[in-house]
Amino acid sequence: MKVFIWLLFLMIEGSTAFMCNDLACDDSPLEELARLEFRPKKSELLRLCPSILDFFNCYFKGVKKCLGTDVSEIAESGDGIASVIAESLLKARSLAVTMCDKESTLRKDYLANVECFDRLVEERSDACRENSATYAEAFLRQRHNLKEENVDWEELDCLERVYGLACFTEQIEITCGEVARKTFLTILEKVKDAAFTECELEHSLSLKRSFFEYLELGGAKSELYWYVFETFRRR
């Protein structure tokens, strides 16, 4: 579970989109988060938070100086990719502030469950990936009446990702509890624009609805999977 992958993504993509080549913000905390596989423990958060917040302050000031406008104004401008990245930057800074606030509920819930998240990544993530590939391909072969032909790669990728995410969310609840599941989804919803979880197909929700019906899930599992399927869709 790459809880903080948004930081690295936004740092790289943001500087390109805004065309501010003279920004000189220290990105070493992002590199360290990558080395930690984006799952920092309490001591690591305490050490990294000041420099992460400094990075955002530096970046926002640099954009203002470079472009003469605030990131918030760019986000509201509707100016293509720049406004999308600006909005993601605002969300990322907001999440960073929350995760670095020692009194925030989200931070407390994350730290209370991060060790369970770690164990789950090691023990269960492969099974979810394998199941997602099996179910998605079987569904697409049935849907398009395919035998030997290859299934559509984009459809397969879309369904594998969303099923894998729903499966992993289910395993979090089973293994770590309801609070852990809510924490995971709360963070993921905040960073979904930068976490590559959404399908890029034009009619992805219709495809996912058909896949969901094919799975014939029941009860609470059905509700959880559909929530994930519906939430992480193309904007």
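**Close-up 1. Aspartate 152 in the loop between H6 and H7 of the predicted model.** Aspartate 152 counts as partly exposed, because its relative accessibility is 38% and that class runs between 20% and 50%. A polar atom of the aspartate 152 side chain lies 3.0 Å from the backbone nitrogen of glutamate 154. Leucine 140 is 12 residues away from aspartate 152 in sequence, and the C-alpha atoms of the two are 8.0 Å apart in space.

Close-up 2. When neighbours within four places in sequence are left aside, glutamate 32 is in contact with Arg47 and Leu48.

**Close-up 3. The contact of helix H2 with helix H3.** Helix H3 covers residues 42-67, and its axis and that of H2 come within 8 Å and cross at roughly 135°. H2 is therefore oblique to H3. On the H2 side the contact is made by Pro29, Leu30, Glu32 and Leu33, and on the H3 side by Arg47, Leu48, Ser51, Ile52 and Phe55. By residue class, the contact of H2 with H3 holds 6 nonpolar, 1 polar and 2 charged residues. Glu32 and Arg47, the pair shown in the previous view, both belong to this contact.

**Close-up 4. The largest nonpolar core, with 42 residues.** Ile172, Phe184, Phe211, Val228 and Phe229 are the residues with the most contacts inside this core. At least two core residues come from each of H3, H5 (80-99), H6 (105-144), H7 (153-176), H8 (178-191), H9 (204-215) and H10 (219-231). H6 supplies the largest share, 11 residues.

**Close-up 5. The surroundings of phenylalanine 211.** Not counting residues up to four places away in sequence, phenylalanine 211 touches Tyr135, Ala136, Phe139, Leu159, Tyr163 and Phe229. Phe211 and Phe229 are both among the residues with the most contacts inside the largest nonpolar core. Another core, of 20 residues, lies apart from that one and includes Phe60, Ala82, Ile85 and Ala86.

Notes:
Residues are numbered from 1 along each chain as its sequence is written. This is a predicted model: local features need pLDDT of at least 70, side-chain atom pairs count only at pLDDT 80 or more; totals for chains, interfaces and linings use all residues. Side-chain values use heavy atoms; hydrogens and water are left out. Contact means heavy atoms within 4.5 Å. Axes are lines fitted to C-alpha atoms, for helices over the stretch in contact, and angles run from 0 to 180 degrees between N-to-C directions. Helices (H or I, at least four residues) and strands (E, at least two) are DSSP runs, numbered from the N terminus. Angles under 35 degrees count as roughly parallel, over 145 as roughly antiparallel, 65 to 115 as roughly perpendicular and the rest as oblique. Ala, Val, Leu, Ile, Met, Phe, Trp, Tyr, Cys and Pro count as nonpolar, Asp, Glu, Lys and Arg as charged, and the others, Gly among them, as polar. A nonpolar core is a set of buried Ala, Val, Leu, Ile, Met, Phe, Trp, Tyr and Cys residues joined through side-chain atoms within 4.5 Å. Buried means under 20% relative accessible area, exposed over 50%, partly exposed in between (1.4 Å probe, protein chains only). A polar contact is a pair of N or O atoms within 3.5 Å; within protein, one must be able to donate a hydrogen and the other to accept it, and residues adjacent in sequence count only if both atoms are side-chain atoms.
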